[in-house]
Amino acid sequence: MKDRLSAHFTLAEMLESPRGRGFPEIWKQQCNPPETVTTHLGILCHQVLEPLRERLGWPIVVNSGYRCGALNELVGGSATSQHVRGQAADIRLKAGFRASSEGEAACEAIGEEWTASGLAMPRQAPSRDGWLWMAAALMANDLGVHQLIHEYGVPFAPRWVHIAWRDEPRGRLTAIGRWTGRSYRHWNSLARMAEAMRRAA
């Protein structure tokens, strides 16, 4: 089984789970995914994560990629979670992005595209992972994103970003956090979601 799934992402990081490591039987299952899952992870890395990393010019850290069924149950994941099929990842940017020349250039370019698209910028500069979410939201259609979730934190400053693909993507934009009443809210356009976030910020 080939360990490298794409130029910058490995199978090992897509399987990693500090929580799962504490349970030997679960960890054994986690480290032996079905071939279909490995295939899905390769598509996720090639079609979604690599283009996003290239856009930002900065390493993306995978908090959670694939979850075997037992691990998904252990962490309280949805029974229909795309993590179980290897089609989703919870991601964040490696520290140092905003202070780097790469980050400065990426933020400027993303900000220009944001305003050129008729989207109002947030009142305060987005967080490191806010820029990650903004880039993913702008690229969602081209990446074939099935679901993009701004998870917890505050508007334009998620604690992490959930991104998932599927052969027939629906391009759904979602957020959950205190500002959404701790329940999932969905939008059918980036403009409407961005405005709701800007008002809540």
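Author: Here it is, and please keep in mind that this is a predicted model.

Reader: How many residues line the largest pocket, and which lie nearest its centre?

Author: The lining of the largest pocket is made of 25 residues, and those nearest the centre are Ser81, His83, Glu151, His162 and Tyr184.

Reader: And how much space lies in that largest pocket?

Author: The largest pocket holds about 580 Å³ of space.

Reader: Which strands supply at least two residues of its lining?

Author: Strands E1, E3 (145-151) and E4 each supply at least two residues of the lining, and the largest share, four residues, comes from E3.

Reader: Let me pick a residue from one of those strands, tryptophan 160. Where is the place of tryptophan 160, and what does it touch?

Author: Tryptophan 160 is placed in strand E4, which covers residues 160-165. Leaving out residues up to four places away in sequence, tryptophan 160 touches Asn63, Asp90, Ile91, Ile149, His150, Glu151 and Tyr152.

Reader: What joins the side chains of tryptophan 160 and glutamate 151?

Author: The side chains of tryptophan 160 and glutamate 151 are joined by a polar contact of 3.2 Å. Glutamate 151 is also one of the residues nearest the centre of the largest pocket.

Reader: Which residues does serine 64 touch, and which side chain does it join in a polar contact?

Author: Beyond residues up to four places away in sequence, serine 64 touches His83, Ala88, Ala89 and Asp90. The side chains of serine 64 and arginine 67 are joined by a polar contact of 3.1 Å.

Reader: Changing topic to the cysteines, how many disulfides does the structure hold?

Author: The structure holds zero disulfides. For cysteine 31, which is in no disulfide, the nearest cysteine sulfur is that of cysteine 68, 9.0 Å away, and a disulfide would need the two sulfur atoms within 2.5 Å.

Reader: Is cysteine 31 buried, exposed or partly exposed, and what about cysteine 107?

Author: Cysteine 31 has a relative accessible area of 30%, so cysteine 31 is partly exposed. Cysteine 107 has a relative accessibility of 13% and therefore counts as buried.

Reader: What is glutamine 29 in contact with, and where does glutamine 29 lie?

Author: Glutamine 29 lies in helix H3, residues 24-30, and, with neighbours within four places in sequence left aside, glutamine 29 is in contact with Cys68 and Ala70. Glutamine 29 counts as partly exposed, at 40% relative accessibility.

Reader: On to the backbone: what is phi of tyrosine 152, and where is the place of tyrosine 152?

Author: Tyrosine 152 has a phi near 55°, which is a positive value in a residue other than glycine. Most residues other than glycine have a negative phi. Tyrosine 152 sits in the loop between E3 and E4, and tyrosine 152 is partly exposed, with a relative accessible area of 26%.

Reader: And arginine 182, what is its phi and where is it found?

Author: Arginine 182 also has a positive phi, about 60°, although it is not a glycine. Arginine 182 is found in the loop between strand E5 (172-176) and strand E6 (185-187), and at 53% relative accessibility arginine 182 counts as exposed.

Definitions and conventions: Residues numbered from 1 in each chain as written. Predicted model: local features only at pLDDT ≥ 70, side-chain atom pairs only at ≥ 80, totals over all residues. Heavy atoms only, no water. Contact = heavy atoms within 4.5 Å. Polar contact = N/O pair within 3.5 Å; in protein donor to acceptor, adjacent residues only side chain to side chain. Buried < 20%, exposed > 50% of the residue type's maximum accessible area, 1.4 Å probe, protein only. 1 Å grid on protein atoms, 1.4 Å probe; cavity = no way out; pocket = protein on both sides within 12 Å on 5 of 7 lines; lining within 4 Å. Points joined across faces, edges and corners; volume = space filled by probe spheres on them.
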